[in-house]
Amino acid sequence: MRRILRVMTVGSLIIPGVAYVMVSLEWEQRRLSPVSGDEPHYLIIADAVIHDHSVDVRRAYDRDAVAKRIIGPTDWENHSRTGSTGTFSVHDIGLPILIAPAFARLGISGVRVMLGVIAGLVPFLLYTIARRHRLGDYEAVALAFGASLGLPLMAASGQIYPDVVSGVTLLALVWIAVAACEAVLRLRLLLAAGLLLAILPWL
């Protein structure tokens, strides 16, 4: 019975995450959700990291003006500052570095899938935190599943932003903090906490 419940738990938490990814990819294919706002500029930084091994974005903007791989970042002057050492974005570099491998191999769709998978960690983290607080399996599943129902709706807003990654990072730190209140943490959890804390300011 416990094994069946575990399978049902995993299934109920994965399905909304898959729906989130599928909705965003479908909307992108139909051009219902083009990159907009600051999203192109995060992608420009990622392009600079990939091709120039730098966060100087001038050449990346010049490349995109010809290739038009990234949709519409025409106001680059408002999103960067030029000095004696180069042209650098006003946006943080944590997210572009994180998404660079997916962008290099699979383009914008790959970035959306990657961020969708990261967002899909939310219900699993909530479930784990709920169980740590001694909630029963059914209550923990209900809480996590309820939160996961919101994931597909996130496709209606911009995705290529650090908000979701930052939120998942903070939720993971909450989970580690809850675990720390109950027992001596294993070395791997302490290392994970240190890594997450180090990443957070860059986002």
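The largest nonpolar core comprises 33 residues, where a nonpolar core is a set of buried Ala, Val, Leu, Ile, Met, Phe, Trp, Tyr and Cys residues joined through side-chain atoms within 4.5 Å, and buried means under 20% relative accessible area with a 1.4 Å probe, protein chains only. Leu-43, Leu-95, Ile-99, Phe-103, Val-111, Leu-115 and Ile-160 have the most contacts inside this core. At least two of its residues come from each of helix 2 (39-52), helix 3 (58-67), helix 4 (94-119), helix 5 (121-132), helix 7 (162-182) and helix 8 (187-199); helices are DSSP runs (H or I, at least four residues) numbered from the N terminus. Helix 4 gives the most, with 8 residues.

The model is predicted: local features need pLDDT of at least 70, side-chain atom pairs count only at pLDDT 80 or more, and totals for chains, interfaces and linings use all residues. Residues are numbered from 1 along each chain as its sequence is written, and side-chain values use heavy atoms, with hydrogens and water left out.

Beyond its neighbours within four places in sequence, Leu-95 is in contact (heavy atoms within 4.5 Å) with Tyr-42, Leu-115, Ile-160, Tyr-161, Pro-162, Val-165, Trp-202 and Leu-203. A second, separate core has 5 residues, among them Tyr-127, Ala-130, Val-141 and Ala-144.

The largest pocket is lined by 15 residues, and Leu-98, Val-165, Thr-169, Leu-196 and Ile-199 lie nearest its centre. A pocket here is an open set of points on a 1 Å grid where a 1.4 Å probe fits, with protein on both sides within 12 Å along at least five of seven lines; lining residues have an atom within 4 Å of a point. Helix 7 gives the most to this lining, with 5 residues.

Notes. Buried < 20%, exposed > 50% of the residue type's maximum accessible area, 1.4 Å probe, protein only.
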